[in-house]
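Subject: Structure handover

Hi,

Here is the structure we talked about handing over. Please load it first, then read the notes below.

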Amino acid sequence: MAGADQTWVINMLRKGKSKIVVATSVGQEGLDIPDLDLIIRYDVVGNEISMIQERGRARKKGGSISLLTEDNSHASKRQQINLLKEQMMYIAIKTIQDEAEDWFRDEIRKAQKSDRERVNAEVQKAEERYKQLLQAGVYEIKCFDCNEFVCLSTSVRKIAGNQHIVIDPSLYERIQVKSHHAHGEFVNAGDTRFTKISKIHCLECDTNWGTEIEVNGCVFPLLKVKGQVFVLSNKKTCEKKRIPSKWGKVPFLVLDISKEEKDIFYEWRNQDK
């Protein structure tokens, strides 16, 4: 039946000019049929959901639903199964309602325990990383020209392959940032691509210490060792020497930056934005 014809039939029923509507299963949920006194289903049964939806059509006070079929037919057996499923559904709902408070409390405890274990694992991992750094020796990195303190060796990390950056925000108290002639230039480092942003110079003597680079949306200060612009001072022995011209030859351990360190530095860079 066309949509216009369906509308006409429903309007006739709504106005009381028609008392009976014969429909396929589309009348169960697809049409806006007003409240009915009686629904007769002929030898066809859906699932338990459609059975409950069907009752919504017989909302009128005293309304009822009848199934016309043979005893022990497929439709009859399916109707019995639907009635059992409906009972099980109500039992399940009541059980959830009665036990919801205890269940939610247990779930919250499980989530809290999982969070504690995750945090403890992260703390332990961070402690182990720091122990590695201390065991390898701690050095002060200083400007060769003016002896200005740059950072501790424990603040140097590797990122984007083998780029050596400083994750100590206080470095920005000792540098001046200048424009870079290659600003915006992309550099491929292994599987990572970074962008040159600006140059960083010593605040005291104006020596070029390196470059600011952007990696995955965060800007980091990168130290250059080529040209030997830095000197190392061992914190235990106070021994001083020029930093090697290659990072692979420095006497201290440099770890890869961790996700937590990236997040902390990113938050610091964006705190005033």
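Two strands pair if DSSP finds at least two bridges between them. Helices (H or I, at least four residues) and strands (E, at least two) are DSSP runs, numbered from the N terminus.

Before the findings, the ground rules. This is a predicted model: local features need pLDDT of at least 70, side-chain atom pairs count only at pLDDT 80 or more, and totals for chains, interfaces and linings use all residues. Residues are numbered from 1 along each chain as its sequence is written, and side-chain values use heavy atoms, with hydrogens and water left out.

**Overall**

The protein chain has 5 helices and 14 strands. It holds 273 residues, and 32% of them count as buried. Buried means under 20% relative accessible area, exposed over 50%, and partly exposed in between (1.4 Å probe, protein chains only). The accessible surface of the protein chain is about 18,100 Å², with 51% belonging to carbon and sulfur atoms. Those areas come from the Shrake-Rupley method with a 1.4 Å probe; for residues, only the protein chains shown count as cover. Now take contacts (heavy atoms within 4.5 Å). Among those between residues at least 6 apart in sequence, 53% join residues at least 24 apart.

Strand S3 (residues 139-143) pairs with S4 over 3 bridges, in the antiparallel sense. Within that pairing, Glu140 stands opposite Leu152 in S4.

**Other strand pairs**

S1 and S2 are parallel, with 5 bridges. Ile39 stands opposite Ile65 in S2. In a regular strand the side chains alternate between the two faces of the sheet.

Strand S5 (residues 156-159) runs antiparallel to strand S6 (residues 163-166), joined by 4 bridges. The two form a hairpin with 3 residues between them, and Ala160 in the turn has a positive phi of about 50°. S5 also runs parallel to strand S14 (residues 255-256), with 2 bridges. Lys158 takes part on both sides: His164 in S6 stands opposite, and Asp256 is the bridge partner in S14.

**A pocket**

The second largest pocket holds about 390 Å³ of space. On a 1 Å grid over the protein atoms alone, a pocket is an open set of points where a 1.4 Å probe fits, with protein on both sides within 12 Å along at least five of seven lines; lining residues have an atom within 4 Å of a point. Grid points are joined across faces, edges and corners, and a volume is the space filled by probe spheres set on the points. The lining has 19 residues, and Ala126, Arg129, Ser258, Glu260 and Glu261 are the closest to the pocket's centre. Helix H4 (74-135) and helix H5 (259-269) are the elements that give two or more residues to this lining. H4 gives the most, with 8 residues.

**Residues to look at**

Asn72 has a positive phi of about 60° although it is not a glycine. Asn72 lies in the loop between strand S2 (64-68) and H4, and is exposed at 63% relative accessibility.

Asp206 is not a glycine either, yet has a positive phi of about 70°. Asp206 sits in the loop between strand S9 (192-202) and strand S10 (208-215), and is partly exposed at 34%.

Cys218 is in strand S11 (residues 218-223) and is buried, at 5% relative accessibility. Leaving out residues up to four places away in sequence, Cys218 touches Ile213, Phe265, Tyr266 and Arg269.

Ile49 is in helix H3 (residues 48-55). Buried or exposed? Ile49 is exposed, with a relative accessible area of 52%. Ile49 and Asn82 are 33 residues apart in sequence, with 8.4 Å between their C-alpha atoms.

Best wishes
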